[in-house]
Amino acid sequence: VKLFLQISPHLRNPPRARLHARDTRGIYKTMLDAVHDFFQALEPYVEAPARAIAALYPTPNRVLIDQFFIYFLLSLCFCLCMFITSRVFTHAIVGKAYDKLLPSDRRTWHTNLVTFWPAFAVTAFALPAIVEFDVSMTSFASNVSPYTVKACGLAIGYMTWDLAVMLLNWADQCLAYGGKGAMYLFIVHHLLSIALWPYALTRGLCVYHINWFLVSEATNFNMSLRWYLVKLDKTASKAYLLNGLAWIPLFMGIRVVVIPKLFMLYFHGDWSVFTSVEYWLARTTLPIPSFLNVYWARQIVEGAVQHLIGESAPAKAAVTKSKSKSKKKN
């Protein structure tokens, strides 16, 4: 309550410069500023433990790593708050539909709800970093935007939470993700991101790639919403159809369209900025997210086509059946 009272007057009464920004740069920019201000107001509450953890990280870039761990801890706090909120209020809100779920789905319901907030929060920081980035650069070394550091802290915090959920609830998560193969894929994805992204930022390397990997978190919203609609038996609803139709262009626009630019930098970039170990790590790991995005994009498109065909087939069968009945009557 104390925290809310401190933050709410600032959000309700933005300074005159913010009002001017609303007029000149639009509501979108104002919303991003509100998100940034909200998280900035929370920073002092985790600053001390974040600095203590950051002191253990071996890097001379103390300012960057301190900021990273502040947002890392904020991310863990948000994940925990979302999880507790779901456990407390879901049954009262959803009611009988929640009771009809399998026990494993009821447990996954609460952990899956956590995936929604990073889709907005991480993107709110990563997107301005992409807009500000000098795309004409051919070097893998560049300045690191504070937005990138904060987005990375939030994303890695969420991945750490999600990794713990996968390992502690293995059976339920295997059912949710579609088997052990998908689980191993996500575990490798999370471990590589947790290990490599913060290190790369402290060295000012592969920042353009990391920015795009971060903003791609936005597509997780549609994936999580699809899971809830399936479990609530809403696959025939307009919401399910619209979510799928929105997911395809969003996924393509964020994760797939940028792939040629990433590979152009991969093949024509200046690799001399890496040490020998960094060179081979970058050579082997940078293409992985692009390959995964192409694989997932194919699955999304194939799933959408199958859904549309599956919907049209029963309709055709019903029409054929009604026609045959009318012929028999005649």
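**Cores, helices and loops**

Mentor: This is a predicted model. Its largest nonpolar core has 48 residues, and those with the most contacts inside it are Phe39, Phe68, Phe69, Leu154, Trp197 and Leu214.

Trainee: Which elements give two or more residues to this core?

Mentor: Nonpolar side chains tend to be buried together in soluble globular proteins. Here the core draws two or more residues from each of several helices. Those elements are helix H2 (16-54), H3, H6, H7, H9 and H10.

Trainee: What is Leu154 in contact with, leaving aside its neighbours within four places in sequence?

Mentor: Leu154 is among the core residues with the most contacts inside it. With those sequence neighbours left aside, its contacts are Phe39, Tyr71, Ser75, Trp117, Ala121, Val122 and Phe125.

Trainee: How many residues has the other core, which lies apart from the largest one?

Mentor: Phe186, Leu292, Ala297 and Ile300 are among the residues of that other core. Its total is 12 residues.

Trainee: Are H6 and H11 roughly parallel or roughly antiparallel?

Mentor: Two packed helices are described by the angle between their axes and the distance between the axes. For helix H6 (residues 116-132) and helix H11 (residues 220-231), the angle is about 165° and the axes are 8 Å apart. Angles over 145 degrees count as roughly antiparallel, so H6 and H11 are roughly antiparallel.

Trainee: Which residues of H11 does H6 meet, and how many of the residues in the contact are charged?

Mentor: H6 passes H11 in a left-handed crossing. Phe116, Ala119 and Phe120 of H6 meet Phe221, Ser224, Leu225 and Tyr228 of H11. By class, the contact has six nonpolar residues, one polar and no charged.

Trainee: Is Asp66 buried or exposed?

Mentor: Asp66 is found in helix H3 (residues 62-94). Its relative accessibility is 12%, and the cut-off for a buried residue is under 20%. Asp66 therefore counts as buried.

Trainee: Which residues is Asp66 in contact with beyond its neighbours within four places in sequence?

Mentor: The C-alpha atoms of Asp66 and Ala48 are separated by 9.7 Å, with the two residues 18 apart along the chain. Once neighbours within four places are set aside, the contacts of Asp66 are Ala50, Arg51 and Ala54.

Trainee: Which residues of H8 are buried, and which helices are included in what covers them?

Mentor: In helix H8 (residues 170-177), the buried residues are Asp172, Gln173 and Cys174. Just after H8, Gly178 takes a positive phi of about 95°. What covers the buried residues of H8 includes helix H5 (103-113), helix H7 (146-168) and helix H9 (180-203).

Trainee: What do the buried residues of H5 pack against?

Mentor: The buried residues of H5 are Ser104, Asp105, Thr108, Trp109, His110, Thr111 and Asn112. They pack against H3, helix H4 (96-99), H6, H7, H8 and H11.

Trainee: Cys206 has a positive phi; is the residue buried or exposed?

Mentor: Cys206 sits in the loop between H9 and helix H10 (207-215). Its phi is near 55°, in a residue other than glycine. With a relative accessible area of 9%, Cys206 is buried.

Trainee: And Asp233, buried or exposed?

Mentor: Asp233 lies in the loop between H11 and helix H12 (238-256). Its phi is near 60°, a positive value in a residue other than glycine. Relative accessibility is 64% for Asp233, which means that it counts as exposed.

Terms used:
Residues are numbered from 1 along each chain as its sequence is written. This is a predicted model: local features need pLDDT of at least 70, side-chain atom pairs count only at pLDDT 80 or more; totals for chains, interfaces and linings use all residues. Side-chain values use heavy atoms; hydrogens and water are left out. Buried means under 20% relative accessible area, exposed over 50%, partly exposed in between (1.4 Å probe, protein chains only). Helices (H or I, at least four residues) and strands (E, at least two) are DSSP runs, numbered from the N terminus. Contact means heavy atoms within 4.5 Å. Axes are lines fitted to C-alpha atoms, for helices over the stretch in contact, and angles run from 0 to 180 degrees between N-to-C directions. Angles under 35 degrees count as roughly parallel, over 145 as roughly antiparallel, 65 to 115 as roughly perpendicular and the rest as oblique. A crossing is left-handed if the near helix is turned anticlockwise from the far one by less than a right angle, and right-handed if clockwise. Ala, Val, Leu, Ile, Met, Phe, Trp, Tyr, Cys and Pro count as nonpolar, Asp, Glu, Lys and Arg as charged, and the others, Gly among them, as polar. A nonpolar core is a set of buried Ala, Val, Leu, Ile, Met, Phe, Trp, Tyr and Cys residues joined through side-chain atoms within 4.5 Å.
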